[in-house]
Amino acid sequence: MKRTFMLLLLGIFIGTLLSLTGQAIGASSIVAAVDTPPRTMNPHGSDADANLSVMANFFEGLLQRKAPKGDLFPALAERYEHPDLLTWKLYLRKGVRFHNGNPFTAEDVKFSFERLSNPDVSEFINTGKSIALIDIIDDYTVVIKTKEPIPWFANNLHQIYMMDKESTEARDPGEAEVKPIGTGAYKLVEWVKGSYVKMVANEDYWEGPPPIKNVEMRPITESSTRFAALVSGQAELVSGVPVELYEKVLQNPKLEVITRPARRSIFLALGNKPGSPTADIRVRKAMYMAINEDEIIEKIMRGHAAPAAQIPDPPTIGYNPEIKRLAYNPEMARKLLKEAGYEKGFEITLSGPNDRYVQDAKIAEAVAKYLAKVGIKAKLDVKPKSIFFPQVARGEFEFYLIGWFDGTFDMGRTYFKLGHTRGEGYGELNGTNYSDPSIDTLLDPTGSIVEPEKRKKVLQDLNKMAMVDKIVWIPLHYQQDIYAIQKGKGIKFQPRPDRWIVFKEISK
Amino acid sequence: MFTYITRRLIQGVVVLLAVSFICFIIFRYAGDPVVTLAGRYATLQEREMVRKAFGLDRPFYIQYTRFIANAAQGKFGKSFVSRVPAFGLIMERFPATVELATSAVFIAFTMGVGLGVLVSLKPYALRNRFIMAGSLFNISIPTFLTGILLIMVFAVYLGVLPPFGRGETVTIGFWRTGLLTWSGITHLILPAFTLGMYQLAVLLRLTRAGMREVLTEEYIKTAWSKGLPPRKVIFKHALRNALIPVVTMTGLQFGELIAFSIVTETIFQWPGMGNLLLISIYESDQPVIVTYIMLAALIILSLNIIVDVLYAYLNPKIRYE
């Protein structure tokens, strides 16, 4: 008797739980679970894509990029002119207001760009310092002069967000780190760190109010929990579906998977210190040929990657379709090593992060095994990204795995950063101290080539030389971005090349 | 008594200094925050400028003494990542962790003691052998696995409990609580169980051992032979005496639960301090990490001192001189 009563009570308890947890998400609202939490609500406080993505909902740049291809469109500037190599004249949009009602004018543009060089609030020091002066012609016309020619200046404007001068100066600096006031399509309702970011539509948005009125963005770092959130109906859109759960999502009739080739390529940087084995082009070629990339994609990436033959992805200026991968050929690799005098192989340390890219440590492990098959002993040295990247910045490695994509869609900046001989303003992320004067001489003048067709040609030639003649890097693959959404809710979502989730582009 | 407490406090300060020194050394070699702080595209010169702005170019001992001097005044520096005071960042997360740890301790204590008493009465009954085997299982199984299994069963397959987060919360003053809404309570169940599971097993075994010892004592036999009702014998005479080590254990573990709920909080995306610590380690946000560890050390130290002092009151046989 007592037992049946207890069971009944338990039944009622579970029943109530059931009815309460299956809360419905309204038609004009969306709950999205993302893999990385935002760090700050200061639009200049982080240059990580995860943060820029959240900021894109509250703030806007002078230009914007739109899904699905990431092409540039006008935003807070209606158009711009580029009269000479150093000058950018911007015509601002009239009648735009910040969330606090202040009108957007040239003063705000000047203020926002100047704020970039303040290390207390900005991670865009480089952009800030590259500007010589900002001239306000009138309320809606600004002239920006850069210290040196920057061909990708306009391509970067979508991620330089505009802040309200008056309120940012008046407010406590700490408040500007947590309460965004922008011109974007959404206003912040509440940010509870580690829990959620709630946004509400900005009904006065200059493009017109966005279709989804209430957004709740929840960061869930643990991938299996993110998956559970989706399956249990607590989230409708999930980014960063891990490759090992892909099949599970695919089999679930309630879910739909959306994939997109990612812009990021994964590759191996290889030093060429004079006298070291890898200074010999035959050795570099042999190492390239020894790696079975198809198997890496199939076994480690479970098919969620595409082979790469170069660092930039197809929409980038400088991508060269003529560059082909060297075919996997271990016999040839052994032969080349023999020719180069390394028949017995040599030792090398392969470094890499273990918490940054999809399956990063496993890829490094596989590479070491392939190299062992042709006699090269690669010692593995994988570590957390917080230790790995500073070492790259200091140039402490001889051989390492890394990934890259350039937010400006211009290969020039990437090459200056990764491939140029180290020096002031060059090669800060050239972690092996790779140095080749012929690459440098070809790269140096590209800074002042702006005319699109000419720039494309020069960068393509440079790319070919680096990847085919010099094998500066051994390319592996482009990652794939995997998203999942709840089926039957009418969610229209197109992923962007930069992996940002811009809620005004989503409808339901 | 007074000299004892003073001595313990001085010891505490020394331990805190040692902890902070070790933290400082470790995190000095665990990544360079300047690379992130200056942005991906910063030049070498710009990086040096940022290093200067944050005082990271100074020699180690100057950075350390400055940190201690500030910490003594309650200033713990700004987070490198979110650029707001680290202490505030941690305190914002404090209520979530305290609520989780308290619920975990509550579950562990009530269930651990309850089952412990039950098992001690008929140690060789089949059901009780199962309970004991289960507790062994609980001690050996790692927290992250318990968490994932619970999520899979209760959130994914049965769909009765939410898999992550805190649900709806209510703010009272600075304290954001999930205990006052139904949604908040349902969100608490799985993580609290996961966190309390190990403790539960430990307390169960401790209670059982204590009870079995006490039940063989002469005075218990006397109580039985007097014809007292079983409830009185078990709870009033036996359990009270078996409970002393159990209470101590619970007190000591409470501090650890608050300080080290990292794994559980990460699995359930619980917005507490452990979750923050893990993210801060990934981002090598040194001010937050050092502040957190100092606070954790402070909490554990104070709880230890309180337990020691309470002991003297509870058991007159103990004298600290």
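Two residues are in contact if their C-beta atoms, placed from the backbone, lie within 7 Å. This is a predicted model.

Q: What share of the contacts in chain B with a separation of 6 or more comes from residues 24 or more positions apart?
A: Chain B has 321 residues. Its secondary structure comes to 13 helices and two strands. Among contacts in chain B with a separation of 6 or more, the share from residues 24 or more positions apart is 70%.

Q: How many residues of chain A and of chain B take part in the contact between them?
A: On the side of chain A, helices H1 (2–21), H4 (125–129), H7 (223–231) and H13 (385–394) each supply at least two residues. By class, that side has 19 nonpolar, 15 polar and 13 charged residues. The contact takes 47 residues from chain A and 49 residues from chain B.

Q: At which residue does helix H7 of chain B bend?
A: Helix H7 of chain B covers residues 143–157. Its 15 residues reach 20 Å from first C-alpha to last, close to the 21 Å expected. There is still a bend of about 25 degrees in H7(B), and it falls at B:Ile151.

Q: Which residues touch the most other members of the largest nonpolar core?
A: This core holds 193 residues. Helix H5 (residues 86–121) of chain B gives the most to it, with 14 residues. The residues that touch the most other members are A:Phe267 and A:Leu268.

Q: Is A:Leu157 buried or exposed?
A: A:Leu157 sits in the loop between strand S7 (141–146) and helix H5 (165–170) of chain A. Leaving aside neighbours within four places in sequence, its contacts are A:Gly61, A:Leu62 and A:Leu63. A:Leu157 and A:Leu63 are 94 residues apart along the chain, yet their C-alpha atoms are separated by 5.6 Å. With 25 other C-beta atoms within 10 Å, A:Leu157 is buried.

Q: Which residue of S7(A) is the bridge partner of A:Ile131?
A: Strand S6 (residues 131–138) of chain A pairs with S7(A) in the antiparallel sense over six bridges. A hairpin of two residues joins S6(A) to S7(A). In S7(A), the partner of A:Ile131 is A:Thr146.

Q: Which residue of S7(A) stands opposite A:Leu90?
A: Strand S5 (residues 87–92) of chain A also pairs with S7(A). The sense is antiparallel, over five bridges. Opposite A:Leu90 stands A:Val142.

Q: Which peptide bond is cis, with omega near 0 degrees?
A: Most peptide bonds are trans. A:Pro68 lies in the loop between strand S2 (63–66) and strand S3 (71–74) of chain A. The cis bond runs from A:Ala67 to A:Pro68.

Q: Is B:Arg83 buried or exposed?
A: B:Arg83 is found in the loop between H4 and H5 of chain B. Its phi is positive, near 60 degrees. The cut-off for a buried residue is 20 or more other C-beta atoms within 10 Å. B:Arg83 has 22, so it counts as buried.

How values were computed
Residues are numbered from 1 along each chain as its sequence is written. Chains are lettered from A and ligands numbered from 1 in the order in which they are written. This is a predicted model: local features need pLDDT of at least 70, side-chain atom pairs count only at pLDDT 80 or more; totals for chains, interfaces and linings use all residues. Helices (H or I, at least four residues) and strands (E, at least two) are DSSP runs, numbered from the N terminus. Ala, Val, Leu, Ile, Met, Phe, Trp, Tyr, Cys and Pro count as nonpolar, Asp, Glu, Lys and Arg as charged, and the others, Gly among them, as polar. The expected span of a helix is 1.5 Å times one less than its number of residues. The bend at a residue is the angle between axes fitted to the seven residues ending there and the seven starting there. A nonpolar core is a set of buried Ala, Val, Leu, Ile, Met, Phe, Trp, Tyr and Cys residues joined through C-beta atoms within 7 Å. A residue is buried if 20 or more other C-beta atoms lie within 10 Å of its own, exposed if 12 or fewer, and partly exposed in between; C-beta atoms are placed from the backbone. Two strands pair if DSSP finds at least two bridges between them.
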